[in-house]
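Please look over the sequence and the structure before reading on.

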Amino acid sequence: MNRMRSVFNNFMKNERYSRFTLQTEQDGERRVEVKLSEDGLDGDAEANPGGSPTFRPAPRGQNRKNICFLLVATLLIFIIGYMVGYLIHGRPKVSQSCENNTVYRVATSVPFVPFVPREEPAPSLSWVDITKLLENKLNSETFTKTLSEFDKVSPRSAGSYEDSRLGNRIIDQFKQLDMKPWNDIHYVRLQTPDENKPNTVTFGSDIFKPKGYLAFSGTGIKTGKLVYANYGLPEDFAVLASNKVEMEGSVVMMRCGKISFAQKVANAEGKGAVAVLIHPDNKDMTADNEVYGHVHFGSGDPYTPGFPSFNQTMFPPTNSSGLPKIPAQTITYNNADKILQAISGPSGFGRSLGGIKNITVEVNNVLGFKEIHNVFGVIKGFIDPDQYVVLGAQRDAWGKGYARSTVGTSTLIELAKAIRDMVEKDGFRPRRSIVFASWSAGEYGSVGATEWLDAHMSSLGKNAFTYISLDGIVQGVGSFYASASPLLHTLLENTLRVVKSPIGSGSLKEMIRTDLFRPMSIDDPAYPFLAASGIPSISFHFISPNKEEYPYYNTLLDNEDHLNYATSQNTASVTASAAQIAGQMALRLVHDHVIQFDMTRYKKVLNINVYRINDKISTLQKSGTLTDVRTVWLLHTKASFQRAADAFKNDVAKTDLSDPEACRLLNDRIMRIERSLLSPYVSPIETPFRHLLSGQGPHTLAAIAEMTDLEQLHTQLALATWNLQGCANSIVENLWDVEFE
């Protein structure tokens, strides 16, 4: 305001300010004169031939009127100036440095936040520096302490007080790391045993009351001829059929392993069985060990399929198509062995196949609502923070769940600490973000994770570009396998070449003597991310040689002692190596200019599936069974995908990777691939795993290659062909670059 007054006074003293000017009389009194002309613009040229301004004193009678007019004008100017000053008060003052042409902004009462164009972070760390830092921060000593701390909270069944307490502890850890943690709350329906009416198995005079159970089983009492079906694989049921063992109305007993509990029950139900019994099959385990699990042939809350469990009253009552209608129950090895020795019948699988004696199964499980909490923290990227990798671990467990959840949760926290420390202290600047997720109700079929996916289905596919599962990453030592989207195969292989083996001097790649990759099963925690949401996903596991799985999974014997025995007392060292794998993969994905997906690995997968379909249809055509179906379009779309992948590779080679916007365009294209492989022609309620290659249902290429219904074959082939063409189209940069040759 002082500056404005000064400016105003200076203007008032200037004789050329306006047509009013102040003249000072000899008596010191200022009087107003009216300027009649200036520079010859006004007035009579003849009366003033010199063109100079002429001032005439105002008559005395007009002085007071002019003074009043001046006062009013002054007052108006003052009010206007005050209002302008009030409006701009607190805005930044800008001063210009003449030396370097730099603008310095000084905030007053309101902070000034200038728009800063997105720029590349200063290249302070090389990739070698980053891996060295991570290796130094993740060591066996660190994990020895963390594993011990997280093992103290048990048991922690989903939705229990212990589960919530551990979730709050993780939130506190994320708060200390300034990772802006948040909760994701769901109200889900989970099945538990009835405390007043235990489940029973009756065989002759023997009555067994197992404590273990299978969630989401059908309930009731069923009696039928007992049949033994080995692992419950399709080929196992084929053996029963070849031995003329009647399946309709039978009770099928199977052993754990090979496939999920849900698949075993679905296979038996499809053969007409009225109930299922499942027992552990490991002679090294305690003979009376109880087994727990679930039989929902899907993931998430089966009573809200395809939509989130925020509020049950919002949605009509709908059951997942993967819920079995028949009772299913676990039984101990000792009890199963006693029963199987008495069933007689034809031989197979090293035992009698049965089909002669009756057995009764009674399941009284009850449904109840549980409030579950997923917990998240984030380390934000510096270039594209809206794109992120998700690292996730299950928090709940049937008992201690040491291998199942303690190792994964400990790894999640230590990775968060290490990477946050690299950002805060070591100058690491990730381009993209990393989200750390602690899931609840994982034991019931990735319920917490799937409900989160359902809740954010429309946005996650555009932002979350990879999921790395930390569940079950340590189950032994000496061997290793992984299940992953083909886009991540090369990244994992490169990572294994540089991560040191926990039991030798070489790399992990040198330690592996078996096939590295296995198909991702439906009970894999990463499966709903890949097959239902189209997010490239990976899970990996250290395991003992000649073992397909950890024998104490799904039991109350999953504890520290048993895992230490399986790892030869190297649990902390193996966990540190597993953390290195997950950490290096995540950092590579958020660090590089272009996301490290390898599209060429999908070429091989597509070739295998397409040629299987081509062979199937060629055989049907030669036999005259199928006459109006051709595979030429399917072969063309496969070629379209390959051309699109090659074109993308060329575009990367020609792009200036120092340009963030150019990299963003490339990454947007590569992120569409997995999502575009989700079939748009099936319902996420009836067929949640919509992925064309990794999913479950008649729309998949694998199912088409085995299809016997010729009308359905024709329809599904057409839909799959265009689904694949849509994937190829999504990779190209412009619509006019799409080729249909």
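Which side chain meets Asp386 in a salt bridge? The partner is Arg664, with 2.7 Å from N to O. The model is a predicted one. This pair links distant parts of the chain, since Arg664 belongs to helix H19 (residues 660-676) and Asp386 to strand S18 (residues 384-394), 278 residues apart. Arg664 has a relative accessible area of 17% and is buried, because buried means under 20%. Asp386 is partly exposed, at 33% relative accessibility.

## Other salt bridges

The structure has 23 salt bridges in total. One of them joins Lys500 and Glu135, whose closest N and O atoms are 3.3 Å apart. Lys500 sits in the loop between helix H12 (489-498) and helix H13 (508-511), while Glu135 is in helix H3 (residues 127-137), so this pair ties together parts that are 365 residues apart in sequence. Lys500 counts as exposed, with 51% relative accessibility, because the limit for exposed is over 50%. Glu135, with a relative accessible area of 30%, is partly exposed.

Another salt bridge is formed by Glu424 and Arg420, with 2.9 Å between the closest N and O atoms. Where do Glu424 and Arg420 lie, and how many residues apart are they? Both are in helix H9 (residues 402-425), and because they are four residues apart, about one helical turn separates them. Glu424 counts as exposed at 54% relative accessibility, whereas Arg420 counts as buried at 12%. Salt bridges with shared partners also join Lys137, Asp421, Lys425 and Asp426 into one network.

| Salt bridge | Closest N to O distance |
|---|---|
| Glu424 and Arg420 | 2.9 Å |
| Lys500 and Glu135 | 3.3 Å |

## Cysteines

How many disulfides does the structure hold? The count is zero. A disulfide would be a covalent bond between the sulfur atoms of two cysteines. Two of the cysteines can be described by their accessibility. Cys256 has a relative accessible area of 17% and is buried. Cys663 is also buried, with a relative accessibility of 4%.

Conventions
Residues are numbered from 1 along each chain as its sequence is written. This is a predicted model: local features need pLDDT of at least 70, side-chain atom pairs count only at pLDDT 80 or more; totals for chains, interfaces and linings use all residues. Side-chain values use heavy atoms; hydrogens and water are left out. A disulfide is a pair of cysteine sulfur atoms within 2.5 Å. Buried means under 20% relative accessible area, exposed over 50%, partly exposed in between (1.4 Å probe, protein chains only). A salt bridge is a side-chain nitrogen of Lys or Arg within 4 Å of a carboxyl oxygen of Asp or Glu. Helices (H or I, at least four residues) and strands (E, at least two) are DSSP runs, numbered from the N terminus.
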